[in-house]
Amino acid sequence: MAELKVNVTNLVKNYGSNHVLKGIDFKVADNEVVVLIGPSGSGKSTLLRCLNKLEEPTSGTIVIDGQDISDSKTDIDKARENIGMVFQHFNLFNNLSVSKNITLAPVELGKMSEEEAEKQARNLLETVGLADKFDAMPASLSGGQKQRVAIARALAMKPDIMLFDEPTSALDPEMVGDVLNVMKKLAKEGMTMVVVTHEMGFAKEVADRVVFMADGNVVEEGTPEEVFDHPQNERTKSFLEKVINV
């Protein structure tokens, strides 16, 4: 197996008496695209958000790039510089232009000069198909365009791994394809990706591995063919029958 980018062991997350993650073991290899699927409330987004400590785990270990981020002594801000995150609702700075949204972090954190960051921003906007939006304000963009800017912004830090939390679920159906195409392009280029999504077609086409979660557990995992065409677990079969148009 390729070098491990993510190694999660016995991850537990409780909100009071609500057990959201019940001892998850989860691994992602370098250059691997792993897609998390499952019903709402299964713990997919919580697992993803634990990977960069937007959620504080109750117990268990999370090792990213060889660094134990569940250790309180770890500088989480430093660790996050290598972990790109794309949210359901874009989270752009509405008072800043598209270019400033993309250049802000690399410049503020001393990764590159303003000039270098602007050049990179132009290249990234070209990558996501928005070369003409460099000076635009977020309010003038469609939801799909905002999400593609958010992907460009995450890539500006040159992350080792990209986390996507339901990146298309807030979009109008006709905008979903443009965002998924950018993600497909990243996958082809070898970006390590963990994606929470309800887009089963994307999971089938792009994932190296599909992980089905339910009730805070990993129920089944395997290649897209194994999980979608030959599911072993009744819970997986029942979920797929509901979400895939046969």
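So, let's begin with Leu51, which counts as buried because its relative accessibility is 1%; buried means under 20% relative accessible area, exposed over 50%, and partly exposed in between, with a 1.4 Å probe and protein chains only. Before I go on, a word on the source: this is a predicted model, where local features need pLDDT of at least 70, side-chain atom pairs count only at pLDDT 80 or more, and totals for chains, interfaces and linings use all residues. Residues are numbered from 1 along each chain as its sequence is written, and side-chain values use heavy atoms, with hydrogens and water left out.

Where does Leu51 sit? It's in the loop between helix 1 and strand 4. Helices (H or I, at least four residues) and strands (E, at least two) are DSSP runs here, numbered from the N terminus.

And what does Leu51 touch, leaving aside its neighbours within four places in sequence? The list is Val6, Val8, Phe26, Ile62, Ile64, Ile69, Ile83, Leu163 and Val194, with contact meaning heavy atoms within 4.5 Å. Also, the C-alpha atoms of Leu51 and Ile161 are 10 Å apart, although 110 residues separate the two along the chain.

Lys53 is in that loop too, between helix 1 (44-50) and strand 4. Is this lysine buried or exposed? Lys53 counts as buried, because its relative accessibility is 15%. Setting aside neighbours within four places in sequence, Lys53 is in contact with Ile69, Ser70, Asp71, Ile76 and Arg80.

Who are its partners? For pairing, DSSP has to find at least two bridges between two strands. Strand 3 (residues 33-37) runs parallel to strand 8, joined by four bridges, and Val33 stands opposite Met193. Strand 7 (residues 161-165) is also parallel to strand 8, through five bridges, with Ile161 and Thr192 as bridge partners.

There's an open sheet to look at as well: four strands in the order 2-1-4-5, with antiparallel pairing. Its edges are strand 2 (18-29) and strand 5 (67-68), each pairing on one side only. Strand 1 (residues 4-15) and strand 4 (residues 59-64) share five bridges in the antiparallel sense, and Thr9 stands opposite Thr61 there.

Zooming out, the chain has nine helices and ten strands. The radius of gyration is 18 Å, close to the 18 Å from the globule rule for 246 residues, so the chain is as compact as a globular protein of that length. That radius is taken over C-alpha atoms, and the rule is 2.2 Å times the number of residues to the power 0.38.

Of the 246 residues, 51% count as buried. Among contacts with a separation of 6 or more, 65% come from residues 24 or more positions apart. And the C-alpha atoms fill a box of roughly 55 × 45 × 35 Å, along the principal axes.

That's my tour, so over to you.
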